[in-house]
Amino acid sequence: MTELRALAEKVAGWARDGEQVEAYVARSTGTTVRAYRGEVESLSQAASAGLGVRVVSGGRQGFASAGTLEPEALSETLAEARDNATFGTPDDHAGLAVPDEVEPASVDPWDDALAGTGTNDKVALALSLERATLDGDPRISGVRTAIYGDGMGEAAVATSTGIAASWRSGNCYLSVSALAEADGETQTGHGISVGRRLDALDVDEAASDAVDRATRLLGSRQAPSRRLTVVFDPHVTASFLSIVGGTLNGEAVLKGRSLFAGRVGEEVASPLLTLVDDPTDVASFGAAAYDAEGLASRRNALLDGGVLQGFLYDTWSGRRAGTASTGSAVRSYASTPGTGARALAIVPGTLSAAELLAEVGDGLLVQGVSGLHSGVNPVSGDFSVGAEGMMIRDGATAEPVREITIASTLQRMLRDVVAVGADLEWLPGGTGATSLAIRDVSLSGS
């Protein structure tokens, strides 16, 4: 950490009069183990390190990167960035971040135990995951994938404008996809478990989730077309949140690609819905003390009781929008910063998953969707996606259904939320999602 920060500060210190220089330095390691039929199908371990340099001079920005931290690369990359700046188009909003007096939260999502874990223990987890899934039910005929994965990263950024920050994070996960067969029919189900260290991972939980999701779809049929209340399970809610988060991106607003442009302060969702992007919450895989421009992470409320509070910005988009960065810059060392949600999450309600189904009474529990990114128009908000799950009758799950389509608009979906679950689940992408009940959704089936 100290070494990376020193490198970044060294490069930023080479700024000439009349120019701004930013150095972003990062290194990471990762392991992926795939188990198949009781053996290790593949094991990969990767490490990378590199430097990205931005130079802003006369309103022109230049960028260059190098996949090494060797001393000679520092000055060479800076020289290349300076040269590239001469070709840049002048931009009145170009410029590096400056300290904004927001104090960094005490966030250090790093565990030395994970860094010190041996490969044999990771392999054992992948093999155990496959075995537990196969043993979970007689109808499980195979495991499509059984994976252990982890990643650990450190980064530092320094600028000639006064930024000097460094941070680190690490996480690991289990992911399994089970195959269930009966009467010539095959269904799949997915289970995951996430943590900061190996002993936080739950093999049985991931395996049983995959088994349950696969076996309960056996015998599924198309459901009759109708309008009804749907309940998204947390995995499905997380998929839709990735779309909604994109519409709350300040860059999307500036480019006319957000359906919420010009609506700050308006009630755009159900009063039950509060949505935040909070990288200071260590429970999220997106947690970090700083954003990718070295500004302190902060909790950004996007929807509060259904009322639109604002959008996410990095330094450039904030200036262009006439406001300030929300500490929402994202990047790698090989790219310039952009804006993105880092730890998007729904504030959970008070109902357990079972209580939420009981309150809905009659409807559809959606446990999987397909074609989401091609089936949703983030500008108009229209969506129509394939779905599978279980019908809900008398407040409990009933027969399984598949090959159906659900459709509505994002605007209407957000306004028609009638219940928010207490079952907050953090997923590998950093998103925190709950079960969500939405009324009056169109189901197209038989």
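Visitor: What is the volume of the largest pocket?

Guide: This is a predicted model, where local features need pLDDT of at least 70, side-chain atom pairs count only at pLDDT 80 or more, and totals for chains, interfaces and linings use all residues. Residues are numbered from 1 along each chain as its sequence is written, and side-chain values use heavy atoms, with hydrogens and water left out. On a 1 Å grid over the protein atoms alone, a pocket is an open set of points with protein on both sides within 12 Å along at least five of seven lines, while a cavity is a set where a 1.4 Å probe fits but cannot get out; lining residues have an atom within 4 Å of a point. The largest pocket comes to about 640 Å³.

Visitor: Which residues lie closest to the centre of the largest pocket?

Guide: Its lining counts 32 residues. Closest to the centre are Tyr-24, Gly-153, Trp-167, Ser-169 and Arg-331.

Visitor: How many charged residues are in the lining of the second largest pocket?

Guide: This pocket has a volume of about 460 Å³. Its lining has 22 residues, with His-190, Arg-213, His-235, Gln-367 and Gly-368 nearest the centre. Asp, Glu, Lys and Arg count as charged; Ala, Val, Leu, Ile, Met, Phe, Trp, Tyr, Cys and Pro as nonpolar; the others, Gly among them, as polar. The lining divides into 7 nonpolar, 12 polar and, for charged residues, 3.

Visitor: Which element gives the most to the lining of the largest cavity?

Guide: The structure holds 1 cavity of 30 Å³ or more, and about 90 Å³ of space lies in the largest cavity. By class, its lining has 11 nonpolar, 1 polar and no charged residues. Helices are DSSP runs of H or I with at least four residues, strands runs of E with at least two, numbered from the N terminus. Both α6 (234-247) and α11 (410-415) supply at least two lining residues, and the most, 4 residues, come from α6.

Visitor: Is Ser-442 buried or exposed?

Guide: Ser-442 sits in strand β20 (residues 436-444). Leaving out residues up to four places away in sequence, Ser-442 touches Arg-226, Arg-227, Thr-405, Ile-406 and Ala-407, contact being heavy atoms within 4.5 Å. Buried means under 20% relative accessible area, exposed over 50%, partly exposed in between (1.4 Å probe, protein chains only). Ser-442 has 19% relative accessibility, so Ser-442 counts as buried.

How values were computed:
Grid points are joined across faces, edges and corners, and a volume is the space filled by probe spheres set on the points.
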